[in-house]
Amino acid sequence: MTVVPRVVLSAPSSGHGTGALSLGLLAALTDRGLDVAGFKIGPDQVDAAYLGLAAGRPGRNLDRRLVGPERVAPLFAHGAAGAGFALVQGTMGLYDSIAGRPETESTAAVATALRSPVVLVVDVAAMGQSVAALVHGFRAYDEQLWLGGVILNRVASPRHEAMLREALDDVGVPVYGALRRHELPPVLPARRHGVVPVVQRDAEAERAVRRLGEGVAATVDLDRLLGLARSAPELPAAPWSPEPAGPPAGERPVVALAGGPGGSYSHPETAELLRAAGAEVVTVDPLRDEALPAGTSALVVGGGLPETYAEQLSANRRLCIAVAELARSGRPVVAEGAGLLWLARELDGRPMCGVLDAVGASRDGLVVGYREATAAGDSVVARAGTTVVGHKQHAAVLSPRAGERAAWRWEGGAPEGFVWRGVHASQLVPHWAAHPEIAARLVAAALAPAEAPA
């Protein structure tokens, strides 16, 4: 059993200010000296990273499609261990699902699985007494959902606030705060920067989070909100733990994980699984470091690396050469998402690492969605026939789409990705917590003797 004070923050739809308010709440409570934890429902690593920045501990994704419904509560318990408050930021609207499975994958479904109260953030800029009907409808729609109250955003005036509070009082819904239109300003770095401002501990990102915390502290009744969070019952789930399936003591291969001083481009569980499998995990910054860490036996480039930094990746020629040499030696190199593009010969005319005989090109629009994929052959990541669920989000495409040995195949699509020697590169991003064998296979391969370069 796990006891963690917690709330899920959601909204009627996207655009109500849930993200900024989530960061502000975590920052405001951290400033009070409370140990807090932040989680993001769904696959969005950017939101999760900023929640981690605000909380001072890794932000984590809770995605029932990627990790399986049975792991959501254990992963939450693991990430919130020792915290005095945990905030779970929803995705889209409360009852929405990216994949059209609201009964199992919506924010409401996750909140029910976590036995957590939900606080609804409502943009009331163009709303009066109708807010009561809206909130009452969300509360009544699902009898299993615990809607604990609301926070009002973009309130126009004291008179407007009084009207809204009176209407919500009539239907018995507590109001935990009311923010004026200027109190959650758009201060975060542009979305195109992805997780880089967090990974690099960017001063602008840190200032933005502090500013949001100040706005929330002045407008939200934090004590009442903590009271609601502390009323959440015990969670009947043991914390998730990486399986200690490593090699004998003393044999700890160095695995370089792409990232920076503020974290990695992988889910936090990736490093935890690698360490449990027996690796010494060290960070390499693809944007700044000119060499791999001493003794590197394997490299992992997580799916959070943004495509928009292609120019900086290309300019770091010394590291590109080092990565190519590591790959040619047969050492394990796992690249997810934009990491695949970094290993290509070039991207939009810029030279990359040249590990893969392929060329990348940016296109308008995004490819976004889940894929249930099957390993096309044996690799450092999986045995042939292994099935995983991963997430894709990219604008750039690679030509050819797959090498002579593809990484994955799935229904309705051509084979995708590249397997060559110890390289496994694909734009598909699985969550390693659902597949701990990936870490074990990679560490075993890192301990094997290196091949002679071809």
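Predicted model: local features only at pLDDT ≥ 70, side-chain atom pairs only at ≥ 80, totals over all residues.
Strands of a sheet pair through backbone hydrogen bonds, in either a parallel or an antiparallel sense. In this model, an open sheet is built from 4 strands in the order 19-16-17-22, and the pairing is antiparallel. Strand 19 (408-409) and strand 22 (429-430) lie at the edges with a single partner strand each, so one side of each has no neighbour in the sheet. Strand 22 pairs with strand 17 (residues 387-394) over 2 bridges, in the antiparallel sense. Within this pairing, G390 has P430 of strand 22 as its bridge partner.

The structure contains 3 aromatic pairs. One of these is formed by F39 and F76, whose ring centres are 4.8 Å apart; with 45° between the planes, the pair is tilted. It links distant parts of the chain, as F39 belongs to strand 2 (residues 36-41) and F76 to helix 4 (residues 69-79), 37 residues apart. F39 and F76 are both buried.

The pair of Y95 and F138 is stacked, because the ring planes meet at 25° with the centres 5.8 Å apart, and planes under 30 degrees apart count as stacked. This pair also links distant parts of the chain: Y95 is in the loop between strand 4 (85-89) and helix 5 (102-105), whereas F138 is in helix 7 (residues 130-141), 43 residues apart. Both Y95 and F138 are buried. Together with Y141, Y95 and F138 form one aromatic cluster.

A contact between a charge and a ring involves R65 and Y370. The charged end of R65 sits over the ring of Y370, at 4.9 Å from the ring centre.

Conventions
Residues numbered from 1 in each chain as written. Heavy atoms only, no water. Pairing = 2+ DSSP bridges. Phe/Tyr/Trp six-rings, centres within 6.5 Å; stacked < 30°, edge-to-face > 60°. Buried < 20%, exposed > 50% of the residue type's maximum accessible area, 1.4 Å probe, protein only. Lys NZ or Arg CZ within 6 Å of the ring centre and 35° of its normal.
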